[in-house]
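Subject: Structure handover

Hello,

Here is the structure we spoke about. Please open it first, then read my notes below.

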Amino acid sequence: MANQVLMPALSPTMTEGTLAKWLVSEGDAVQSGDVIAEIETDKATMELEAVDEGILGKIIVAEGSEGIAVNTPIAVIIEEGEDASAIEVSAPEPVAPATAVAEPAPAAAQPEAQIAAPISEEAYTGSTTSMTVREALRDAMAEEMRTDDTIFLMGEEVAEYQGAYKISQGLLEEFGEKRVIDTPITEHGFTGLSVGAAFGGLRPIVEFMTFNFAMQAMDQLINSAAKTLYMSGGQMGCPAVFRGANGAAAGVAAQHSQCYASWYAHVPGLKVISPYSGEDAKGLLKSAIRDPNPVIFLENEILYGQSFDVPDADDFTIPIGKSKIERSGTDVTLIAYSIMVGVALEAAETLASEGISAEVINLRTLRPLDIDTIVTSIKKTNRVVSVEEGWPVANIGSEIAAITMEHAFDYLDAPVSRVCGEDVPMPYARNLEAAALPNTEKVVTAAKAVCYR
Amino acid sequence: MAKESTKRKASKKTTSENPTASPEELLQHYNDMLLIRRFEEKAGQLYGMGLIAGFCHLYIGQEAVVVGMQAAAKEGDSVVTSYRDHGHMLATGMEAKGVMAELTGRRTGYSKGKGGSMHMFSREKNFFGGHGIVGAQVPIGTGLAFAHKYKEDGGVCMAYFGDGASNQGQVFESFNMAALWKLPVVYVIENNRYGMGTSVKRASSNEELFSRGGAFGIPGVSVDGMDVLAVKEAGAKALEHARSGKGPYILGMQTYRYRGHSMSDPAKYRSREEVSKVRSERDPVDRVRQYILDANAADEDALKKIDADVKAVVSEAAEYAQQSPEPDLSELYTDILVEA
């Protein structure tokens, strides 16, 4: 009886991987538990163990193959005496969605130019390279670290492991263990330590594996990092970047899937950034590192593996506090940040097919909010829908609603609408998780409602 | 006094029986400690008059700790402490006028009136606060030590905290990282016997707080924190240990606070007799005074001169703190962010 070996999903967000190396050859005997191959995921290189014992009858996917979808048959294990040549390679089984977010995140190579007439305040005209958000973040750190040796990176698994999400890949090699520092699992401690190091004249970049764990460090972030400049009458600031994955991941349930944007955006003394594209990731992270204030930099795990065109210039930065109009429109303004920008863009596409012209604003910075761009857009479209993963109570959309009331009340043709995460802890089951998150359909429905369509 | 163990590796007592100092040093210690004592008495008085708001935590009784440590420290060493911080500021050389004016919330205070008693800083004097959250200064001090090591500037951070803070989780997180990375930090535990109103024995499973680094291999000693010379001697050893690259060191200062936790302390948790016994038998200012007289370093008249000078400095500070204007309302929205 032949048993197929399938490409495994080795992380919650893995949809495909690279078959880096076969450690056994056709005809070799394998025991269950034997390591038979190395698989490169979006996060790390993992060992694949055999589940069944027998003879490796056939290798279907050769080593070095990239982009192998999860659940693709990669080899067949046969029993003693079976004829390997008789094996028919069955069609790949249906691929289960590895990312269980309600709406698949925008396709990896979705070029911005096709979905919008991009209006970039930088008006960058130089060359670009397609790269993942992960690579853009890494390059931003590396470029800044080359220019200032008081910058160091600290966090769990940032050095030898190369980053739990591979963001810091190669940094240890380039900058050494003095500047790329693995910490114990001690968020409260190393956050406080980094604040002290910033007071002492250094410029820390602190990676939280995810912002869920930064809850342990909340006191140091708010009471020490954000407030000391004020409490010291301007003597002592905290030039540090606190970055990591924020928002819903996939299939990891309530304690690992939460958006902290509005928590941090509430706090004077912090700057809060949440990038969407690779361009955002690189340009904003560089600005954050150069900024003399504590910056909370909210990334998104699902976006890490997505590719975008990113400007090549070393001095390319994006100003903090400025949003970007990702797509121009006249009928309704969709305001989003992080991964929800992609959802809003998809919704805009759908709406366009139904004759509604949606403008999509990528907030980029959540504190300070770019009130001018928001208000100007609303005065043009007279309708606004905010889109975010965070819970409804006191979320970023609430703030947008308040700003709209304060600055554009007379321009509104419909009440402000908020599409956001449901007011529940994130459930685990795929269907419930999908129901708890915003998706394109929900955004389209909300946009139509404010257009009375 | 806490029971002291000589069995633990991390808890041996190393101070000598009769530490010595030159006449000039003794007079300086007396002056510095008396300044803190008189400053704090005046602060208490101004608080009673309604001129100081909110919390005000006085350092009276603990003066020998910070004065002894500063006497052992070198230029460039950094200091961070909790909200019971007035003594530390004066000992690091910050001016009494600026500290008192901050207590009264005036624009001439060290934080322009925006920090208050618990939140004051001086980059110039390497004093990094003044932190209001119990224990939060410990990882911050560990980070200052990280910066000393990173910059290779030869400095050591003295991170002060109380017996109450010593039970905070982040203290142990700091111990671990400091030992792991051999950071130049001296943890000075000011064990004044009470975390607010809870005595050490009711809060700490192991009352030998100086031994708390044992699990991390951090040496610690118990020190008579009422004796400025004992503090200085132990401080010098600890600072040398940290400065030489051997990593952190813990000093368990056995001290006592005469006043309440803050000004609003009802003092129901200890007896009047307990306080007056310490005052009469172990007072750190009286002790250094006696050292001076025993060593014939100065006579009563010379000491009276110091008393008068200190009193004048404190009176001037109090006057300044009351005469200085409040912050301009335009300061409400300044110093929130550094302009990039």
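Pro368(A) sits in the loop between strand 20 (365–367) and helix 10 (371–381) of chain A. Helices (H or I, at least four residues) and strands (E, at least two) are DSSP runs, numbered from the N terminus. The peptide bond from Arg367(A) to Pro368(A) is cis, with omega near 0°.

This is a predicted model, in which local features need pLDDT of at least 70, side-chain atom pairs count only at pLDDT 80 or more, and totals for chains, interfaces and linings use all residues. Residues are numbered from 1 along each chain as its sequence is written, chains are lettered from A and ligands numbered from 1 in the order in which they are written, and side-chain values use heavy atoms, with hydrogens and water left out.

**Other backbone points**

Chain B has a cis peptide bond too, between Gly129(B) and Gly130(B). Its omega is about 25°. Gly130(B) belongs to strand 2 (residues 127–130) of chain B.

Two residues other than glycine have a positive phi. Ala253(A) has phi near 65°. Ala253(A) is placed in the loop between strand 13 and helix 7 (261–265) of chain A. Asp335(B) also has phi near 65°. Asp335(B) lies in the segment after helix 11 (300–323) of chain B. Asp335(B) is buried, at 16% relative accessible area. Here buried means under 20% relative accessible area, exposed over 50%, and partly exposed in between (1.4 Å probe, protein chains only).

**Where the chains meet**

The contact (heavy atoms within 4.5 Å) takes in 39 residues of chain B and 46 residues of chain A. Together the two chains bury about 3400 Å². Of that area, 65% is on carbon and sulfur atoms. Buried area is the accessible area (1.4 Å probe) that two parts lose on being put together, summed over both.

Between chain B and chain A there are 20 residue pairs in polar contact, both residues at pLDDT 80 or more. A polar contact is a pair of N or O atoms within 3.5 Å; within protein, one must be able to donate a hydrogen and the other to accept it, and residues adjacent in sequence count only if both atoms are side-chain atoms.

On the side of chain B that touches chain A, the elements giving two or more residues are helix 5 (137–151) and helix 6 (169–180) of chain B. Helix 5 of chain B gives the largest share, 9 residues. That side of chain B divides into 20 nonpolar, 10 polar and 9 charged residues. Ala, Val, Leu, Ile, Met, Phe, Trp, Tyr, Cys and Pro count as nonpolar, Asp, Glu, Lys and Arg as charged, and the others, Gly among them, as polar.

**Salt bridges**

The structure holds 37 salt bridges over all chains. Each is a side-chain nitrogen of Lys or Arg within 4 Å of a carboxyl oxygen of Asp or Glu. The count between chain B and chain A is 1. That bridge pairs Glu152(B) with Lys178(A), at 3.9 Å from N to O. Glu152(B) is exposed, at 65% relative accessible area. Lys178(A) is partly exposed, at 40%.

Within chain A, Arg243(A) and Glu207(A) form a salt bridge, with their closest N and O atoms 2.8 Å apart. Arg243(A) is in strand 13 (residues 241–245) and Glu207(A) in strand 12 (residues 203–210) of chain A, so the pair ties together parts that are 36 residues apart in sequence. Both Arg243(A) and Glu207(A) are buried.

Lys442(A) and Glu422(A) make another salt bridge, at 3.7 Å from N to O. Lys442(A) is in helix 13 (residues 440–450) of chain A, and Glu422(A) is in the loop between strand 22 (417–419) and helix 12 (430–436), so this pair links parts 20 residues apart in sequence. Lys442(A) is partly exposed, at 25%. Glu422(A) is partly exposed as well, at 37%.

**Domains of chain A**

Chain A is assigned domain 1 (3–86), domain 2 (127–311) and domain 3 (324–450). The bounds come from an automatic or database domain assignment. The C-alpha centres of domain 1 and domain 2 of chain A lie 36 Å apart. In their contact, 7 residues of domain 1 meet 10 residues of domain 2. These two domains bury about 650 Å² between them, 52% of it on carbon and sulfur atoms. They have 0 salt bridges between them.

Best wishes
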